[in-house]
Amino acid sequence: MIQKTKKTREFFKIVQNKLLWAISQQTAAELVYRRVDASLPLLGMMSYDKTSSSINKKRYCYCKNYLTEDEMKLLGLLVEQYLAFAETMAQQQVKMYMADWIQRLDAILQLNGRELLTHAGKISHQVAVDKSDNEYKNIELYN
């Protein structure tokens, strides 16, 4: 059971990074690392839960919060296409494995003229978390 959960998490990380790369040429870790900035309002976050005025670790470590409006729109469109494909496969009862889903995502991204992610990125998740933690601690220096 633990092995399946780990594989599922890894699959979703791959999908997330492929989608983020297609719209920004950055992985999730690279996006957070390059865009988090204590000198900017809300640490540089462009989209976030506007019902809360406080910034917490969950918000400032979440890569989607650093996407611009145009990037969010493009991400939404690509995800819609991927989900529509998934629904079509389910409707036709086509058995697919995680590797198949990754290949189909690549095909959808290529069909949209997007660059494919072919590497793991240059910045690790931990490096991005460490930088965002450090920027959060430095907010007082800029206020």
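Biologist: Which residues does methionine 89 touch, not counting residues up to four places away in sequence?

Modeller: Methionine 89 touches Val94, Met96, Trp101 and Arg104. Contact means heavy atoms within 4.5 Å. This is a predicted model, where local features need pLDDT of at least 70, side-chain atom pairs count only at pLDDT 80 or more, and totals for chains, interfaces and linings use all residues. Residues are numbered from 1 along each chain as its sequence is written, and side-chain values use heavy atoms, with hydrogens and water left out.

Biologist: Why is methionine 89 called buried?

Modeller: Its relative accessibility is 11%. Buried means under 20% relative accessible area, exposed over 50%, and partly exposed in between (1.4 Å probe, protein chains only). Methionine 89 therefore counts as buried.

Biologist: Where does methionine 89 lie?

Modeller: In helix H4. Helices (H or I, at least four residues) are DSSP runs, numbered from the N terminus.

Biologist: Why are H4 and H5 called oblique to each other?

Modeller: The axes of H4 (residues 69-91) and H5 (residues 98-111) come within 10 Å and cross at roughly 130 degrees. Axes are lines fitted to C-alpha atoms, for helices over the stretch in contact, and angles run from 0 to 180 degrees between N-to-C directions. Under 35 degrees is roughly parallel, over 145 roughly antiparallel, 65 to 115 roughly perpendicular, and the rest oblique. H4 and H5 are therefore oblique.

Biologist: What makes up the contact of H4 with H5?

Modeller: H4 gives Leu78, Gln81, Tyr82, Phe85, Ala86 and Met89. H5 gives Trp101, Ile102, Arg104, Leu105, Ile108 and Leu109. By class, 10 are nonpolar, one is polar and one is charged. Ala, Val, Leu, Ile, Met, Phe, Trp, Tyr, Cys and Pro count as nonpolar, Asp, Glu, Lys and Arg as charged, and the others, Gly among them, as polar.

Biologist: Why are H2 and H6 called roughly parallel?

Modeller: The axes of H2 and H6 (residues 125-137) cross at roughly 25 degrees and come within 8 Å. H2 and H6 are therefore roughly parallel to each other. Ala29, Val32 and Tyr33 of H2 meet His125, Val127, Ala128, Lys131 and Ser132 of H6.

Biologist: Which residues of the largest nonpolar core touch the most other members?

Modeller: Leu19, Leu20, Leu43, Tyr66, Tyr82 and Trp101, out of 32 residues. A nonpolar core is a set of buried Ala, Val, Leu, Ile, Met, Phe, Trp, Tyr and Cys residues joined through side-chain atoms within 4.5 Å. H1 supplies the largest share of this core, six residues.

Definitions and conventions
Helix = DSSP H or I, 4+ residues; strand = E, 2+ residues; numbered from the N terminus.
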